Amino acid sequence: MQSALKILRLDIGLPLDGGGTLSPLEIGYETWGALNAAKTNAILICHALTGDQFVASPNPVTGQPAWWDNLVGPGKIIDTDRYFVICSNVLGGCMGTSGPASIGPNGTPYGLDFPVITIADMVRAQAALIDHLGIDRLFAVIGGSMGGMQVLEWIASRPDRVGAAMPIASAARHSAQNIAFHEVGRQAVMADPDWQNGAYQLAGTKPVKGLAVARMAAHITYLSDAALHRKFGRRLQNRDELTFGFDADFQIESYLRYQGSRFVDRFDANSYLYITRAMDYFDLAAGFNGRLSDAFTAFKGRACVVSFSSDWHYPPADSRHITRAMIGAGVEVSAFEVETDKGHDAFLLDEPQFHQAMAGFLEASAADQGLQ
Amino acid sequence: MSLLPVTRADHEIILNAVPEGARVLDVGCGDGDLLARLKKERRAIVRGMELSQSGVNACVAKGLSVVQGDADFDLALYPDNSFDIVVLSRTIQATRRPEMVLRQMRRIGAKAVVSLPNFGFWQVRLSLLLTGRMPVTQGLPDSWHETENLHLCTLLDFDDLAKANGFTLESVTRIAAGKASAPSVRTTRLLNWLSEEAVFVLKRIAADRP
């Protein structure tokens with residue numbers, strides 16, 4: 001079923017932060033629009049934890065619609081008639097890029113033999129793809145949530161390869177609260193007997209219960225209290241009174257169960273462990289003697305940092321931290337906090353203020369970089 | 001923070017004070033009207049800081065590089081000498097610590113351009129004299145308990161403060177009834193009577209050597 005995916009196989013050894021190399025490297029990716037002759041109109045979009053490369057067209061494997069359909073496409077704000085848009089599945093993922101479910105050197109799925117990877121490793125893999133496409137410098141790198149971490153890593157490690165950077169609803173380091181929620185998710189997966197110490201593919205099982213619980217817990221962090229209240233309140237699910245049992249009495253319970261069960265069909269449990277680990281390990285300043293502004297001093301492009309007022313997963317304070325460091329580093333930065341009660345997920349939704357800011361930022365960046 | 005007439009005569013004067021291609025930071029940049037003009041008409045490299053979220057959002061949508069920040073606290077983020085000119089238009093009277101703000105401006109840029117309402121304007125003085133109440137004029141339209149202005153001053157007061165903090169006066173331009181006069185090189189007592197609003201162009205004096 002994976003034949004519907006476009007996969008680049010590189011027989012290189014990808015060096016990893018944790019030591020050693022990964023070889024071969026496979027990258028599942030998609031592109032939209034056309035690269036101009038000067039190769040100056042490429043936008044790399046970085047997806048979030050459970051996202052994939054299908055930012056602007058439906059995923060042929062899962063049948064899911066494009067995840068940023070409202071922003072990316074012909075005539076849209078990220079205009080594929082104008083820009084060459086690239087999106088690749090992250091390293092450690094399960095949509096065509098090398099990850100724990102891929103076949104390892106001994107002919108069986110890696111499982112826990114897959115090396116623990118970092119956000120910087122993900123960006124290293126993306127850079128290999130960009131090299132392969134013959135692109136020297138990206139017009140823009142854009143990403144929300146974990147995608148925003150990749151954006152920050154791009155401008156810190158490859159400052160002269162990025163013209164404009166837009167980290168959205170993101171952070172320069174994972175907080176204790178973020179790590180805590182991820183640990184709950186991982187423990188749920190690992191507590192499922194069908195996880196089989198990570199070797200469930202060989203055992204012919206699937207830790208669907210554990211992974212569904214992980215997704216349910218995570219899903220709560222993507223929504224605000226106000227949004228949950230508006231959407232579900234204390235309303236009951238297809239019943240008029242409480243059952244005095246542990247069935248899904250409340251709509252919110254039913255909704256979370258549904259989200260959990262849908263997720264396990266499209267996502268690999270070990271990928272979930274590896275990618276959440278990479279996010280937990282992310283602390284951009286750590287590589288710069290603890291000074292975040294030092295991470296940005298070499299970046300000469302523009303940046304626009306976006307946050308959402310009711311996002312308690314990556315709160316506006318995390319974005320302000322990034323902005324302040326960029327100002328200190330002399331980066332041309334704008335910072336934008338969208339007033340919304342939709343929580344972290346707002347970055348995927350129709351938020352007119354956010355979309356206006358992105359349009360203004362891209363337009364000004366294109367003028368700066370002499371792009372028609 | 002629009003307290004004075006909507007026609008921004010101060011913007012014209014500030015535009016004239018900015019040379020082609022200068023690096024300009026506008027502190028309290030509102031909706032970015034001045035920044036947009038500086039960028040277009042002066043080809044200036046412009047950045048802004050604005051307290052209100054709505055102002056910041058409007059600026060970013062226009063493609064301006066503006067961050068949310070408070071002049072009282074956030075100017076410390078900017079590196080030394082990172083701008084040629086730091087603009088503070090109709091803002092200093094609303095800051096909590098005007099002297100600290102001036103010192104930060106001096107550290108960040110070689111020149112400071114400050115526009116402010118003048119409490120020494122004859123109409124203001126007359127209003128206080130005749131009514132015995134805090135003046136409410138076209139330039140100071142809000143009553144004392146509603147105004148955002150924390151530190152109102154006269155042109156002479158501001159001139160003193162600037163000079164005490166390492167600036168020399170390059171020019172001061174009187175604005176009354178929305179019209180600017182020719183710039184003056186001294187803040188005279190007459191100017192203090194006749195200006196409803198004024199724009200100061202200040203130059204940093206080289207730092208004292210230890």
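Helices (H or I, at least four residues) and strands (E, at least two) are taken as DSSP runs and numbered from the N terminus. The structure is a predicted model, in which local features need pLDDT of at least 70 and side-chain atom pairs count only at pLDDT 80 or more, while totals for chains, interfaces and linings use all residues. Residues are numbered from 1 along each chain as its sequence is written, and chains are lettered from A and ligands numbered from 1 in the order in which they are written.

Asp311(A) is located in the loop between strand 11 (302-308) and helix 9 (316-328) of chain A. Asp311(A) is buried (20 or more other C-beta atoms within 10 Å, with C-beta atoms placed from the backbone), having 27 such neighbours. Beyond residues up to four places away in sequence, Asp311(A) is in contact (C-beta atoms, placed from the backbone, within 7 Å) with Ala169(A), Pro316(A), Gly343(A), His344(A) and Ala346(A).

The UniProt annotation "active site", from an unreviewed entry, covers Asp311(A) together with Ser145(A) and His344(A). These residues are spread over 200 residues of sequence yet cluster in space, the largest C-alpha distance being 10.7 Å. Such annotations may be inferred rather than shown by experiment. Ser145(A) occupies the loop between strand 9 (138-144) and helix 2 (146-157) of chain A and is likewise buried, with 27 other C-beta atoms within 10 Å. Its contacts outside four places in sequence include Tyr314(A), His344(A) and Phe347(A).

Between the chains, 17 residues of chain B are in contact with 21 residues of chain A. Helix 3 (53-61) and strand 3 (66-68) of chain B each give two or more residues to the side touching chain A, and helix 3 of chain B gives the most, with five residues.

Definitions and conventions. Contact = placed C-beta atoms within 7 Å. Buried ≥ 20, exposed ≤ 12 C-beta atoms within 10 Å, placed from the backbone.
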